[in-house]
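Thanks for coming, everyone. Let me put the structure up, and then we will walk through it together.

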Amino acid sequence: MTIMKSENLSISTYKNPLPVSLEAIEQAAARLEGRVERTPLVRSDNLSKRVGYPVHLKLETLQPIGAFKLRGAMNAILSLGDEKRQRGLVTASTGNHGRAVAYAAEKLGIRATICMSSLVPANKVEAIRALGAEIRIVGRSQDDAQEEVERLTKSGGLTAIPPFDHADVVAGQGTIGLEVIEDMPDLETILIPLSGGGLAGGIAVAVKALKPEARVIGISMERGAAMHASVKAGRPVSVREEETLADSLGGGIGLANRVTFALCQALLDDIVLVSEDEIAAGIRHAAHEEGLTVEGAGAVGFAAVLAGKVTISGPTAIIVSGGNIDPALHKTIIDGGAA
């Protein structure tokens, strides 16, 4: 299922000021230099041959925490004043953002509390615990975890670092777009995992500002795709959070969403949904053909291309957003077993 937009979208065609600017993303890039990896954009010979155009992979799996989330979390934390940092940090996470906040907090000597639902895989919980953060497991949804964050900010005075709906977080993620355009100036299409919209929204701002004719496509899973449902409805809506191989894409966008809904509604040319079997096929492809260990959320771009759900008509970049998959689950999938 897709949402198609016929107009050629760009920053200049959006009627209202966007909540994140190219300038903010450029400032984030300067702030993050030396603190996050400038990840490589590598050619996929297999996919390039399959679709008849150059396909390159942006390997955010090579960040120190194994996922792109470090960019946004680090930028948001570095943008805080000392007083807010020293209060301690708190966030809700489906895994990778929590790991990013915990990693950044450890590097900067700040305490961090990470709130997660019981749906977050155990390997992601333990990776966060290993970084010294306090863990709170609350309820069975991202919304439940967010309620605990709000309680801790009010009662404990902690400073919240939102997982996506925050201008500094979005600007940090948008630095990926700057790097892709620099490395691939002839970009025609970019495929981005889509959840709350921090990654897709940030990259879209950078890409549409620097190369307005490029297509920006968000890829999400069929189970509980909150941004897809919200863009379709024309406003933020709630969806039921379900178990999915793309667990990092779970959770709502927030009914009071202030940043990412506007960006995704304005700048995404299309939103494509992929099934659980297609995500598993993407994970297998990454392992067998690209030599990559990729989690379900990071495999949705592969899934969309392999399933023929995206028309490739020129040089294409796929954002491989993370590789933090449970090893036993990964082995089951790549061996061809039922996920």
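Start with Asn257. You will find Asn257 in the loop that runs between helix H10 (226-233) and helix H11 (260-267). One caution before we go on: this is a predicted model.

Is Asn257 buried or exposed? Its relative accessibility is 14%. Buried means under 20%, so Asn257 counts as buried.

What does Asn257 touch? Set aside the neighbours within four places in sequence. Then Asn257 is in contact with Phe164, Asp165 and Pro236. A polar atom of the Asn257 side chain lies 2.9 Å from the backbone oxygen of Ile253. And one distance along the way: Val237 is 20 residues from Asn257 along the chain, and their C-alpha atoms are separated by 9.8 Å.

Keep Phe164 and Ile253 in mind. Both names come back now, in the largest pocket. Its volume is about 650 Å³. How many residues line the largest pocket? The lining has 29 residues. Nearest the centre lie Gln146, Glu150, Phe164, Ile253 and Gly254.

By class, the lining splits into 13 nonpolar, 10 polar and 6 charged residues.

Next, the second largest pocket. Its volume is about 320 Å³. It is lined by 24 residues, and Leu119, Val120, Pro121, Thr244 and Asp247 are the closest to its centre. Helix H6, residues 122-130, gives the most to this lining, with 3 residues. The classes here are 8 nonpolar, 9 polar and 7 charged.

Last topic: cysteines. How many disulfides are there? The count is 0, taking a disulfide as a pair of cysteine sulfur atoms within 2.5 Å. Now take two cysteines by name. Cys115 has 0% relative accessibility, so Cys115 counts as buried. Cys264 is at 1%, so Cys264 counts as buried as well.

To recap, then. Asn257 is a buried loop residue, with a polar atom of its side chain 2.9 Å from the backbone oxygen of Ile253.

Notes. Residues numbered from 1 in each chain as written. Predicted model: local features only at pLDDT ≥ 70, side-chain atom pairs only at ≥ 80, totals over all residues. Heavy atoms only, no water. 1 Å grid on protein atoms, 1.4 Å probe; cavity = no way out; pocket = protein on both sides within 12 Å on 5 of 7 lines; lining within 4 Å. Points joined across faces, edges and corners; volume = space filled by probe spheres on them. Nonpolar A, V, L, I, M, F, W, Y, C, P; charged D, E, K, R; others polar. Helix = DSSP H or I, 4+ residues; strand = E, 2+ residues; numbered from the N terminus. Buried < 20%, exposed > 50% of the residue type's maximum accessible area, 1.4 Å probe, protein only. Contact = heavy atoms within 4.5 Å. Polar contact = N/O pair within 3.5 Å; in protein donor to acceptor, adjacent residues only side chain to side chain.
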